[in-house]
Number of protein chains: 2
Amino acid sequence: MEYKICLIGCGTVGQGLLEIFYKKRDWLEKHLGFKAKIVAISDKLKGNILLPEGLNIDKLLQILGRGQKIDDYLEGKVNPAASLNPLQIIEKSQADIVAELTYTDIKTAQPATNYIKKALQTGKHVVTSNKGPAALYYQDLNKLAKENNLFFRFEGTVMSGTPVFNLIENGLAANEIKGIKGILNGTTNFILTKMEEEDMDYEAALSLAQKLGYAEADPTADVEGYDALAKIVILANVLLGANLKPAEVPRKGIKGISKQMVKEALASGCRYKLIAFAGKKEGRIVARVAPEKLSLSDPLAAVMGVNNALSLDLDLLGKVTIQGPGAGKIETGYSILTDMLAIHRHLSQ
Amino acid sequence: MEYKICLIGCGTVGQGLLEIFYKKRDWLEKHLGFKAKIVAISDKLKGNILLPEGLNIDKLLQILGRGQKIDDYLEGKVNPAASLNPLQIIEKSQADIVAELTYTDIKTAQPATNYIKKALQTGKHVVTSNKGPAALYYQDLNKLAKENNLFFRFEGTVMSGTPVFNLIENGLAANEIKGIKGILNGTTNFILTKMEEEDMDYEAALSLAQKLGYAEADPTADVEGYDALAKIVILANVLLGANLKPAEVPRKGIKGISKQMVKEALASGCRYKLIAFAGKKEGRIVARVAPEKLSLSDPLAAVMGVNNALSLDLDLLGKVTIQGPGAGKIETGYSILTDMLAIHRHLSQ
């Protein structure tokens, strides 16, 4: 089956996805019967294009690789899509699947939420790696998708392409999830790792993370726990049926953890980790993000560097933990593909 | 959809499966549209039954719980299935799915392989936790299943119900698997853990494992690495497209590991683990089972006690590791259910 795809946002994740399409195109068609045709792109900085016959991915990647505008794809021909806004691009794209890949705004979840709604209202499946819409409006968007017989999928919002939702839907189906505990932010885990392994203080480890591109110039979202918070809210709402808002969930970052504390913890057989937790307490779903001292025998204690991991407490299987990348161009690009393949499995069987 | 199920073997795994059916029956029907009807059982010790209208699982579990014969289900009525052999039970059962749950014979893979062939030849899907047939005859059985448009699934052969094959098929689809490294035997991992944590020598740790029921009276299959070997052969053949025979694969157990070696490894920041490996080397697939000294920062080094774990080296996602139970009544019972649910997803969509 061939899917017409519209990309809203064509930054790192979009380009990661395009690179995978380029590399795996023949394999995907031969082994999974999956074919992608990019029919529309809208990017705030790079411009728009609408091409119902589909873009040549090699040519597109070359243009993007040279830092050119998407416009240039048309080689000087008039671009009727140039003046359209993303909502118009979605509406006119005739895509089967919209990949919403704009930046996360965890306070408003906009404009991404409007893009997703527009897609679902005009008959298009939605795949996203944007944490805002799933953290703030999962219930509404899921309902809207169901009413329209469409999929709203967001594997990339938690642990990039490392399977979480796809794992639970398939390999863990019929297990009741009693609790969720994870290391969901790679930047803070990298900082804590460097503080321990290279005896750095917090500021030095943060600087290194910034130098390596793991932390932003303004590291607040990572080090204060907002990023992990968005993810645990998504997990609690999707997997435990909660209806939590990020602002209701207790959150504490890693700024208060000193080199001395890291050393003392180790001496007592423990290791600090920024833990995101969700579980049941007195019949209600509770969640929190905070640094915790884990015993070294805890599977999460062994997760070092920028890696992420998630432990699920299950009624049938007990504890199952998955560890993998939590970010990255190809890794997050893959999260979009894995959701498209999930849609494909549902539609093609 | 309702599935008529035939159980060949009704020991620990079969009873684990029946307990899950008992506990989750309503949930499975309501949420997944899956209904199981047990229409036949054949067990070497407990006897046979054929009941096209389906057995009452509560009543069956009570009989099994009291250590009675399955015969007793009929309360003295003549049991026409009493004298049939398992092949006849499979043939006459009119089941949709045969769950092959007899004991593993890793040398011959019999009689299980004959049971599986009979099922596939008479139009029945097969689900098994028996390592023999998958380790020795995966190619043949998979071909036979495909020719008959049937499923041959075996999640439970590696890491009990912890998702391995179901994870890779769904959440990791389109990744090329470059290498596989796992702790696939809980008994030896328990022994190594006790040698380290409680300063036991090998013999004492083995005795404790036997006392707790983790090791058999004859512990050869575990401690000499035969069990891990069967599993890595299955993984190599299924996931890497190899055609290895267990006898061709180098195998070394943990008997040569002394308390002193465990201590010295730890002092140098390492830990001994019985590692099963499969990967590509000079264009060929190679595999081995042997104790290895892992750096403590290796995700597998943190797997303690009877837990199992598998690290996959993937072209798109890098390293993804899943950790979970490797044995157990409910856990392995679940492996059978998870494969039935996978079949159900394929057939019902």
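**Architecture of the predicted two-chain model**

Of the 349 residues in chain A, 55% are buried, a residue being buried if 20 or more other C-beta atoms lie within 10 Å of its own, exposed if 12 or fewer, and partly exposed in between, with C-beta atoms placed from the backbone. The model is predicted, so that local features need pLDDT of at least 70 and side-chain atom pairs count only at pLDDT 80 or more, while totals for chains, interfaces and linings use all residues. Residues are numbered from 1 along each chain as its sequence is written, and chains are lettered from A and ligands numbered from 1 in the order in which they are written.

Chain A contains 12 helices and 11 strands; these are DSSP runs numbered from the N terminus, helices being H or I of at least four residues and strands E of at least two. The radius of gyration of chain A is 21 Å, close to the 20 Å that the globule rule gives for 349 residues, and chain A is therefore as compact as a globular protein of that length. The radius is taken over C-alpha atoms, and the rule is 2.2 Å times the number of residues to the power 0.38. Along the principal axes, the C-alpha atoms of chain A fill a box of roughly 65 × 45 × 40 Å. Among contacts in chain A with a separation of 6 or more, 73% are accounted for by residues 24 or more positions apart; two residues are in contact if their C-beta atoms, placed from the backbone, lie within 7 Å.

The domain assignment divides chain A into domain 1 (2–162 + 329–348) and domain 2 (177–324), with bounds that come from an automatic or database domain assignment. The C-alpha centres of domain 1 and domain 2 of chain A are 29 Å apart. Their contact takes 10 residues from domain 1 of chain A and 15 residues from domain 2 of chain A. On the domain 1 side, six nonpolar, three polar and one charged residues touch domain 2 of chain A. In this classification Ala, Val, Leu, Ile, Met, Phe, Trp, Tyr, Cys and Pro count as nonpolar, Asp, Glu, Lys and Arg as charged, and the others, Gly among them, as polar.

Two strands pair if DSSP finds at least two bridges between them. Strand β4(A) pairs with β5 (residues 125–128) of chain A in the parallel sense over four bridges, and V98(A) stands opposite V126(A) in β5(A).

Between the chains, 37 residues of chain A are in contact with 38 residues of chain B. On the chain A side, α1 (12–32), α6 (165–169), β11 (318–324) and α12 (329–348) each supply at least two residues. By class, this side has 21 nonpolar, 13 polar and three charged residues. Strand β11(A) is joined by three bridges to strand β11 (residues 318–324) of chain B, in an antiparallel arrangement, and Q323(A) stands opposite T321(B) in β11(B).

In chain B, the 20 residues of helix α12 (residues 329–348) should span 28 Å at 1.5 Å a residue, and its end C-alpha atoms are 28 Å apart, which agrees; the expected span is 1.5 Å times one less than the number of residues. Because 14 of its 20 residues are buried, α12(B) is largely enclosed by the rest of the structure.

Several backbone features fall in loops. The peptide bond from Q110(A) to P111(A) is cis, with omega near 0 degrees, and P111(A) lies in the loop between β4 (97–100) and α4 (112–121) of chain A. In chain B, a cis peptide bond joins Q110(B) and P111(B). The loop between β4 and α4 of chain B also holds A109(B), whose phi is near 60 degrees, a positive value in a residue other than glycine. A109(B) has 22 C-beta neighbours inside 10 Å and therefore counts as buried. Phi is likewise near 60 degrees at M159(B), in the loop between β6 (152–153) and α6 (165–169) of chain B; M159(B) counts as buried because it has 30 C-beta neighbours inside 10 Å.
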